[in-house]
Each structure stands twice: as structure tokens, then as C-alpha cells.
Amino acid sequence: MDRGVSMPNMLEPKVYPYEMLMVTSRGRTKLPRDVDRTRLERHLAPETFFDIFGMEIEEFDRLPLWKRNDMKKKARLF
């Protein structure tokens, strides 16, 4: 097995549409099995992430946890 090819695929979370990940007033629809429920934002495409949060994911990761959680709540990804 060529680990150089398979490892990046294992580390990259699968991308899903925002509508499929966001929490609605009626509760969240059933998420796919491979979605990390505590880090829904990781499953957004980079362009979608930027449109929603106004920054790149690396910049988002540098924010304090309380700020990230607040932004995720506003984006209905919490």
C-alpha cells in the first residue's frame, strides 16, 4: 500500500454542502456517518467556509474557542 497517496485522503474531511450541515429550528437532519459533529465547519468547501466566516480556515483556527463557537452558532453550525 502506498501510504503517501492514501494518508492525505484519510486526513482530509469529506466536503458536504452547507445546507446539509447546518442546524435548523426543527433540529439537525441526520448527518452522514463520517461527519465530525463537533467540527461541522471542517466539512465545508474552502470557498463556502470563506463566504460564511469571512476568513480562511487557518485564521479561524487561531481564534479563541469562545469566538469560534460564537461564529459557528451564528452560522448555524453548532
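Biologist: What is a nonpolar core, before we look at this one?

Modeller: A nonpolar core is a set of buried Ala, Val, Leu, Ile, Met, Phe, Trp, Tyr and Cys residues joined through side-chain atoms within 4.5 Å, where buried means under 20% relative accessible area with a 1.4 Å probe and protein chains only. This is a predicted model, in which local features need pLDDT of at least 70 and side-chain atom pairs count only at pLDDT 80 or more, while totals for chains, interfaces and linings use all residues. Residues are numbered from 1 along each chain as its sequence is written, and side-chain values use heavy atoms, leaving out hydrogens and water.

Biologist: OK, so how many residues has the largest core, and which have the most contacts inside it?

Modeller: The largest nonpolar core has 15 residues, and those with the most contacts inside it are Leu21, Leu44, Phe53 and Leu77. Helix 2 (18–21) and helix 3 (46–53) are the elements that give two or more residues to this core, a helix being a DSSP run of H or I with at least four residues, numbered from the N terminus.

Biologist: Switching to rings, how many aromatic pairs are there?

Modeller: The count comes to 3 aromatic pairs, with ring centres of Phe, Tyr or Trp (its six-membered ring) within 6.5 Å, and planes under 30 degrees apart called stacked, over 60 edge-to-face and the rest tilted. One of them is the tilted pair of Phe49 and Phe53, 4.6 Å centre to centre with 40 degrees between the planes.

Biologist: And how far apart are those two in helix 3?

Modeller: Phe49 and Phe53 are separated by about one helical turn, because they are 4 residues apart in helix 3.

Methods:
Buried means under 20% relative accessible area, exposed over 50%, partly exposed in between (1.4 Å probe, protein chains only).
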